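This report describes a protein structure for a reader who is new to the subject. Please keep the sequence and the structure in view while reading.

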Amino acid sequence: MTTQQILLQYFGDKSAKAKNLAEGDSLLERGLLDSMAIVKLIAFIEERFGVVLGDDEFDPDNFETVDAIAKLIEQKSAAAS
Amino acid sequence: MDFGLTAEQSAFKKSVFDFAKKELVVGSSEPKTMRERDKASSFFREGFEKCAAFGILGLPVPERYGGLERDVVDCALAMQALGRGCPDSGLLFTICSHVLTCEIPILLFGSEAQKQRYLPRMVTGEIIGCHAMSEPEAGSDAFSLTATAERRGDHFVLNGQKTFISNAPVADVFLVFATTNRAKGWAGVTGFLVERGTKGLSVGKPLDKMGLKTSPTGEVTLEDVEVPVDAVLGKVGQGSAIFNAEMEWERSCLFAIHLGAMERQLDDTIRYAQDRKQFGQPIGGFQAVSHKIADMKVRIELAELVLLKVAWMKSRGVRAPLESAISKLFVSESFVQSSLDAIQIRGGYGFMSEYEVERDLRDAIGSRIYSGTNEIQKNIIASLLGL
Ligand SMILES: Cc1cc2nc3c(=O)[nH]c(=O)nc-3n(C[C@H](O)[C@H](O)[C@H](O)COP(=O)(O)OP(=O)(O)OC[C@H]3O[C@@H](n4cnc5c(N)ncnc54)[C@H](O)[C@@H]3O)c2cc1C
């Protein structure tokens, strides 16, 4: 599974609002990322992908879309390896 | 796994405790005693300055800005030692607000210029910081705040009302949270560093409180406050990140002062139960009394474990949202219950202000409310458990 697919599945499991979610859709506009949901998402990302996100990476731009999150994860994984 | 402190950590903790006992109990100018300061709701500025001179205000700050550059564990240990040695929980609360809710955000998110501008003077106590998030209509739902920040050319214009802001009456630098785009909810929340004296920023008179009376609290009003673009802390929209990061620090280090206060309570209560005699014997010999003391000890032990676990995780760069919520919840509930037990064990003497036991209870109640109420901590815990 690609990073995007894993994330789409994550959102799909969490909420019915994620039906037909596409990689480029705004997560905020779809109501999928409130302030608590992002804390949970970060915990999921750190555990699932084995990356540690710095405080300053917790930035709305990095969490705009599934594509943006995937890019962040891939950058972190590449930097770690 | 190792639950012990290093020799260096133990020595550091002891030096902070000795300093607090010697320097932070009685002041040299009126109101001198803790009881008098509490009655007069008077900020112990002399104590604040002594803490600055000792290095407390710069505990987590890198040496290049004048700080001691200690990790989170050392900061928590220092706060615990202060709580045990110093009865002025209001002073310690003010220090924690200054360090944890203003210095730490600047340290974690500030530009080099912002760090240079504020940190050295915050470390020496020349300027005092505060953190203005809560509003009359946005408390637990902090990110629903309505204070606005409108970009106009090379500056932002801030408008709004903040309430319950610790240190506001004495603060020189205000970390103000406002939204640059309400439609974005939490993602529009942005932090700004605003200095006292900026046109349009005003602070109301200190609010009268139930406890922590020596920590000044106030309202902040922003009326067309113009700040340059470089007053933004971090990036536009990063306010929630700043808030979440600093909350984890606060939920470990701030609550360490309460852990220390519980240790002080236990020491005093054991002594009292050994000295006070009724029915021809020390009351500590009655199981109803000794079991309360045993419960106090159990709470301290568990509170210390959970609190230092959060500090340890953070010192290793691990995020601790679940653990810090558990710690905040447990330490504050323990502090309230142990304060009640300390009063009950002293009977009528516990209820009288003169004996300075009831003040801890008044101070403790607030700990269930600030840094996110305990109901919100349970929501966070449940939510992180997938509920
Ligand atoms: C001593 C002290 C110092 C403070 N210092 C600062 C400071 O420096 N800066 C700052 O910005 N703020 C500060 N605060 C404000 C503090 O953060 C808020 O009081 C707190 O977040 C709660 O908000 P509120 O008072 O508006 O209560 P509300 O949010 O109105 O809550 C009222 C009650 O409803 C409950 N409740 C609300 N929502 C939920 C929910 N979803 N689920 C379950 N229960 C819920 C709460 O737990 C509480 O019991 C301070 C408060 C105190 C007491």
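## The interface

In this predicted model, 18 residues of chain A are in contact with 20 residues of chain B, where contact means heavy atoms within 4.5 Å. The two chains bury about 1700 Å² between them, 61% of it on carbon and sulfur atoms; buried area is the accessible area (1.4 Å probe) that two parts lose on being put together, summed over both. In chain A, the residues that lose the most area to chain B are Asp55(A), Phe58(A) and Pro60(A), together 33% of what that side buries.

Three salt bridges are counted between chain A and chain B. A salt bridge is a side-chain nitrogen of Lys or Arg within 4 Å of a carboxyl oxygen of Asp or Glu. The side chains of Glu46(A) and Arg319(B) meet in a salt bridge, at 3.2 Å from N to O.

## Salt bridges in chain B

Over all chains, the count comes to 28 salt bridges. Asp38(B) pairs with Arg362(B), the closest N and O atoms being 2.7 Å apart. Asp38(B) lies in helix 2 (residues 34-40) of chain B and Arg362(B) in helix 11 (residues 358-367) of chain B, so the pair ties together parts that are 324 residues apart in sequence. Helices here are DSSP runs (H or I, at least four residues), numbered from the N terminus. Asp38(B) counts as buried at 8% relative accessibility, and Arg362(B) counts as buried at 17%. Buried means under 20% relative accessible area, exposed over 50%, and partly exposed in between (1.4 Å probe, protein chains only).

Lys314(B) and Glu248(B) also form a salt bridge, at 3.0 Å from N to O. This pair links helix 8 (residues 287-315) of chain B with helix 7 of chain B, the two residues being 66 residues apart.

## The nonpolar cores

The largest nonpolar core has 119 residues, of which Phe11(A), Phe63(A) and Ile95(B) touch the most other members. Such a core is a set of buried Ala, Val, Leu, Ile, Met, Phe, Trp, Tyr and Cys residues joined through side-chain atoms within 4.5 Å. Its largest share, 17 residues, comes from helix 7 (residues 239-275) of chain B. Apart from this core lies another, of 21 residues, including Cys130(B) and Leu222(B).

## Basis of the values

Residues are numbered from 1 along each chain as its sequence is written, and chains are lettered from A and ligands numbered from 1 in the order in which they are written. Local features need pLDDT of at least 70, side-chain atom pairs count only at pLDDT 80 or more, and totals for chains, interfaces and linings use all residues, while side-chain values use heavy atoms, with hydrogens and water left out.
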